[in-house]
Amino acid sequence: MTTADPSALDAAEAARAALVEQVGAEVVGEHLDASPEEEGVVTHRFASREAGYPDWVWAVTVARAPGTDRVTIDEIVMLPGENAIIAPVWVPWRERIQPGDLSPGDLLPTDEDDPRLVPAYLAGDLDEWERAVVEELGLGRSRVLSLEGRELAAQRWYEGDQGPDSPMAQSAPGRCEGCGFLVRLAGPLSETFGVCANEFANDDGRVVTFNHGCGAHSEAQLRKKQLPPPLPDHVFDSLSVDDFEQF
Ligand code: SF4
């Protein structure tokens, strides 16, 4: 266990003097406490009056070498208190990015071992040479969606705004599967999803589930009471003279 060195503990004034010399008396407040760090080493804390740093404290570490009475200054730093405003923990850009964050020119490389993708032509990973051959021969994509990647996409689409539970789908007059604007897909996802091709629909150009729907459904009809009232017949005015007749 660390024992507090009495002379280092008593060195609050020496610590204050060193602190004032470094940062100026106007930003140094009262002595808060002193805590032992290790044998002969003690940190004295002082309140900070630095503008823009509420609840930060000055920490001055002093040490007394064995066999001497004199304490020396080890370190002067400013540390955040419990309620101090500090920067949030730094998160790498790769982990921070959210769907839709990419701007023109940004790059978001996919990891070699991304579980959403599998090699298209060979079992196992493609090395650099194999990838070059695939590209040179124009054989197409070297990786394609894995089963996991496909399931993740299907779940995301199904639970999203183009799925059956969105408010738009819930109040739609019909489902996409019966809509003339639905474009069919190929492949395994085609059993549940298609693409909306109605320029007036909110989901134009988006993948929609068959049981999604919207008010722009090709077979949607206005109810009788929603139709505009019929216009009255034209009237032939034979009494007044209009502008055109004056020429
Ligand atoms: S117009 Fe509406 S109902 Fe038709 S495919 Fe698009 S989203 Fe589905």
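Modeller: A residue is buried if 20 or more other C-beta atoms lie within 10 Å of its own, exposed if 12 or fewer, and partly exposed in between, with C-beta atoms placed from the backbone. Bear in mind that this is a predicted model: local features need pLDDT of at least 70, side-chain atom pairs count only at pLDDT 80 or more, and totals for chains, interfaces and linings use all residues. Residues are numbered from 1 along each chain as its sequence is written.

Biologist: Okay, so why is I76 called partly exposed?

Modeller: I76 has 16 other C-beta atoms within 10 Å. Buried takes 20 or more and exposed takes 12 or fewer, so I76 counts as partly exposed.

Biologist: And what makes D55 partly exposed?

Modeller: D55 has 13 C-beta neighbours inside 10 Å, so D55 also counts as partly exposed. Its phi is positive, near 70 degrees, although D55 is not a glycine. You'll find D55 in the loop between β2 (41-48) and β3. As for the names, helices (H or I, at least four residues) and strands (E, at least two) are DSSP runs, numbered from the N terminus.

Biologist: How many helices and strands does the chain have?

Modeller: Seven helices and nine strands. Buried residues make up 14% of the 247 residues.

Biologist: What is I76 in contact with, beyond its neighbours within four places in sequence?

Modeller: Two residues are in contact if their C-beta atoms, placed from the backbone, lie within 7 Å. For I76 that gives A18, L19, Q22, W58 and V60. Take Q22: it sits 54 residues from I76 along the chain, yet their C-alpha atoms are separated by 8.4 Å.

Biologist: Which strand holds I76, and what is its bridge partner?

Modeller: I76 is in strand β4 (residues 71-80), and V60 is its bridge partner. Two strands pair if DSSP finds at least two bridges between them. Nine bridges join β3 (residues 56-64) to β4, and the two run antiparallel. Their hairpin has six residues between the strands, and G67 there takes a positive phi near 90 degrees.

Biologist: What sheet does β4 belong to?

Modeller: An open one of four strands in the order β1-β2-β3-β4, with antiparallel pairing.

Biologist: What makes β1 and β4 edge strands?

Modeller: Each pairs on one side only. The twist averages 20 degrees from one strand to the next. Seven bridges join β1 to β2; V28, for instance, has S48 in β2 as its bridge partner.

Biologist: Which helix lies across those strands?

Modeller: That's α2, running at about 120 degrees to β1. Axes are lines fitted to C-alpha atoms, for helices over the stretch in contact, and angles run from 0 to 180 degrees between N-to-C directions.

Biologist: How do you know that the length of α2 agrees with what a helix should span?

Modeller: The expected span is 1.5 Å times one less than the number of residues. Helix α2 (residues 12-23) has 12 residues, so it should span 16 Å, and its end C-alpha atoms are 16 Å apart, which agrees. After α2 comes G24, with a positive phi near 100 degrees.

Biologist: Which residues come nearest to the ligand?

Modeller: Of the 14 around it, C176, C179, C196, N198 and C214 come nearest. A residue is near a molecule or strand if its C-beta atom, placed from the backbone, lies within 6 Å of it.
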